[in-house]
Structure formats: structure tokens, C-alpha cells
Amino acid sequence: MQNLNNYNIILASKSPRRSQLLSEIGIDFSVEIKEDVEEKYPSDLKHEDIAVFLSKLKAKPFLADIQNDSNKIVITADTIVCAKGKVLGKPKDKAEATEMLKLLSGIKHQVISGVTISSKQKVVSFSVSTDVYFKSLTEAEIEYYINNYKPFDKAGAYGIQEWIGMIGIEKIEGSYFNVVGLPVQRLYEELNQF
């Protein structure tokens, strides 16, 4: 990715999983957080548009920096979980996490990540969707997972790379890394075109 050598790449995310994935595809970057953005979106948005809308929202605090520095690229991302017509964000507490996992138990749901890549020259946004199939989870499995892994920083109240993913997910259709939180294959392709 020689084309990126002249750029100062910033990942605007507190997620350790996103940082790990971005570093593992060989990109040199720093993490910078401006401010917490309130993750609100218009109620009439389609599910695949919500994650992109939120990734664009997260890019807004960096707009002035980008305009003042033509060598800066900022990557922002948001991941949502959609099941039975509901959009699941991060659970506020144990009760909400339990409710989310009970909803996901035994059904197929979608994990959608929206990504925005911003520079002075251009802004590119895209979304990637993955279908995830959970087995029927017992109450004991749900309680064990929440008590031991505390998935309150994860959309849908679970991490595919954790215990619940190992014992509970029967199959996926689409990008595994998208479910972890960053569709790195698509991101790599988009960055190659900067």
C-alpha cells in the first residue's frame, strides 16, 4: 500500500478490536478520539444506511483537521446488529444484554458495519453486511457469558471472537471480520484507491 506512505492515517475509534484488525493488515496509523458522538439517526433510515450515517457522524469532529492537513486520512466506523426488525446497539446494562441475546437466540440476524474514510481530497463511505446464525441459547449460557465477558461495549451484546461465538454461532454468511467490528477486506480495497 505504497500510496498511503505520505498520509497520516487516524483511526477514530476506542475499539481495541478495530485497532488490532487495522494493524494486522499492515497499516501504520494512530488512534485519536475527539469527542463522544451521540449515536442518533433518523428513524426512516434503512438498516444498511444507519451504520453509514453513524460513521459519517463520527467523522464530523475531524473535518476541520482534514481541511487543514492534506496528508491526513481519518477512518470512522460503526457497527449495528439487526434482528426481527430491531436495531441493536450496545446494551446499557445486564438486563438489556440478556434481552438482546434472548432475541438473537435461535435465529439469523445481520451485522452491518458502516465505514467512512475522510481526507481533504475525498470522502468515501460504505457498508458491509454479514448474516449470523445463532443456535438456541440456554438461559445459563447467556448468564455465564454476560457475567464473565461483560459485553456492554459491543453491538448486540456479543463478540463473535469470544466464548459465546465459539459455542453459539452455527454459521455466518459474509465477512467474519465485519462481525468483529471492521470489514478489513473492503477497507483495504478502498484505501488502495486513495
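1. A residue is called buried when its relative accessible area is under 20%, exposed when that area is over 50%, and partly exposed in between, with a 1.4 Å probe and protein chains only. By this scale tyrosine 176 counts as partly exposed, because its relative accessibility is 33%, and phenylalanine 177 is partly exposed as well, with a relative accessible area of 39%.

2. On provenance, this is a predicted model, in which local features need pLDDT of at least 70 and side-chain atom pairs count only at pLDDT 80 or more, whereas totals for chains, interfaces and linings use all residues. Residues are numbered from 1 along each chain as its sequence is written, and side-chain values use heavy atoms, with hydrogens and water left out.

3. The chain's secondary structure comprises eight helices and seven strands, these being DSSP runs numbered from the N terminus (helices: H or I, at least four residues; strands: E, at least two). The radius of gyration is 17 Å, close to the 16 Å given by the globule rule for 194 residues, so the chain is as compact as a globular protein of that length; the radius is taken over C-alpha atoms, and the rule is 2.2 Å times the number of residues to the power 0.38. Along its principal axes the C-alpha trace spans about 50 × 35 × 25 Å.

4. Of the 194 residues, 47% are buried. Among contacts (heavy atoms within 4.5 Å) with a separation of 6 or more, 66% are between residues 24 or more positions apart.

5. The structure holds four aromatic pairs, where rings of Phe, Tyr and Trp (its six-membered ring) pair if their centres lie within 6.5 Å, and planes under 30 degrees apart count as stacked, over 60 as edge-to-face and the rest as tilted. One of them joins phenylalanine 134 and tyrosine 158, edge-to-face at 5.0 Å centre to centre with 80° between the planes. Phenylalanine 134 belongs to strand 6 (residues 123-134) and tyrosine 158 to the loop between helix 5 (139-149) and helix 6 (163-168), so the pair ties together parts 24 residues apart in sequence. Both of these residues are buried. The rings of tyrosine 176 and phenylalanine 177 have centres 5.2 Å apart and planes at 80°, so that pair is edge-to-face.

6. The loop between helix 5 and helix 6 also contains glycine 159, which counts as buried because its relative accessibility is 4%. Not counting residues up to four places away in sequence, glycine 159 touches Tyr145, Lys154, Ile164 and Gly165.

7. Two backbone angles deserve a look, since most residues other than glycine have a negative phi. Alanine 157, in the loop between helix 5 and helix 6, has a positive phi of about 65° and is buried, with a relative accessible area of 0%. Lysine 84, in the loop between strand 3 (72-83) and strand 4 (86-88), has a phi near 50° and is exposed, with a relative accessible area of 61%.

8. Lysine 14 sits in the loop between strand 1 (8-11) and helix 1 (16-24) and is exposed, at 60% relative accessible area. Leaving aside neighbours within four places in sequence, lysine 14 is in contact with Ile33 and Asp36.
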